[in-house]
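I opened this entry to go through the strands and helices one by one.

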Amino acid sequence: MKCPGCGNLDTRVIDSREAEDGDSIRRRRVCDRCEERFTTFERSESARIQVLKRDGSRQEFDRRKLASAIGKAASKALSAEEIDRLIDELEGSVRQSGASEIPSGRIGEMVLEDIDALYDELASLVRIRQEARDRRVAEQIILPIAAEPVVAGPPRRRRR
């Protein structure tokens with residue numbers, strides 16, 4: 001692994017553990033030359049997915065490129081975590097299908113399908129929250145109770 005500080009190729013792994021996402025390994029490294037410490041995230045790689053472009057060319061599936069495109073298209077409405085989750089789902093779907101090649105247009109369709117699903121889930125959560133608010137407001141409304149009117153008699157005197 002190349003050191004980001006000095007470019008040296010001799011680095012050592014000093015700690016290795018599963019990353020929070022569970023799909024990658026987090027490694028702490030140290031450079032043998034400048035002793036800079038840095039972290040890498042490694043993801044296991046199975047068969048590489050090829051993206052068939054409109055012009056007929058093929059490119060290797062690139063998560064960073066797709067994340068950048070989704071981020072630009074979503075106008076920063078999606079967080080980095082949401083974009084990563086979206087790409088994980090998309091990549092998992094492609095791998096489960098067994099396809100080693102996918103048209104770029106199909107990737108776009110899959111992203112839009114997943115985003116629609118996110119918006120549907122968000123709309124459901126907003127509806128549930130609104131219903132809860134409506135219930136709380138309804139519980140706070142005091143309704144007058146029809147009762148026999150109380151007739152007041154003459155005031156009573158106190159004993160001393």
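Entry 1: I am working with a predicted model.

**Entry 2: the sheet with E1.** I looked up the strand order and found an open sheet of 3 strands, E1-E2-E3, with antiparallel pairing. I then checked the edges. They are E1 (11-18) and E3, each of which pairs on one side only.

**Entry 3: E2 against E3.** I took this pair on its own. E2 covers residues 24-31 and E3 covers residues 37-43. The two run antiparallel and share 7 bridges. I asked which residue of E3 is the bridge partner of Arg-26. I found Phe-41 there. Further along, I found Val-30 opposite Arg-37 of E3. I also looked at the hairpin of E2 and E3, where 5 residues lie between the strands. Within that hairpin, Glu-35 has a positive phi near 60°.

**Entry 4: the sheet with E4.** I moved to the other three strands. They form an open sheet in the order E5-E4-E6, and the pairing is mixed. I read an average twist of 30° from one strand to the next. For the pairing of E4 (residues 50-52) with E6, I found the parallel sense and 3 bridges. In this pair I located Leu-52 opposite Pro-103 of E6.

**Entry 5: H1 against H2.** I turned to the helices. H1 spans residues 63-73 and H2 spans residues 80-97. I asked at what angle they pack. The angle is about 125°, and the axes are 10 Å apart. I logged their crossing as right-handed.

**Entry 6: the helix contact.** I listed the residues that make it. H1 supplies Arg-63, Leu-66, Ala-67, Ile-70 and Gly-71. H2 supplies Ile-83, Asp-84, Leu-86, Ile-87, Asp-88, Leu-90 and Glu-91. I then sorted the residues of this H1 and H2 contact by type: 7 are nonpolar, 1 is polar and 4 are charged.

How values were computed:
Residues numbered from 1 in each chain as written. Predicted model: local features only at pLDDT ≥ 70, side-chain atom pairs only at ≥ 80, totals over all residues. Heavy atoms only, no water. Axes fitted to C-alpha atoms, helices over the stretch in contact; angles between N-to-C directions. Helix = DSSP H or I, 4+ residues; strand = E, 2+ residues; numbered from the N terminus. Left-handed = near helix turned anticlockwise from the far one by under 90°. Contact = heavy atoms within 4.5 Å. Nonpolar A, V, L, I, M, F, W, Y, C, P; charged D, E, K, R; others polar. Pairing = 2+ DSSP bridges.
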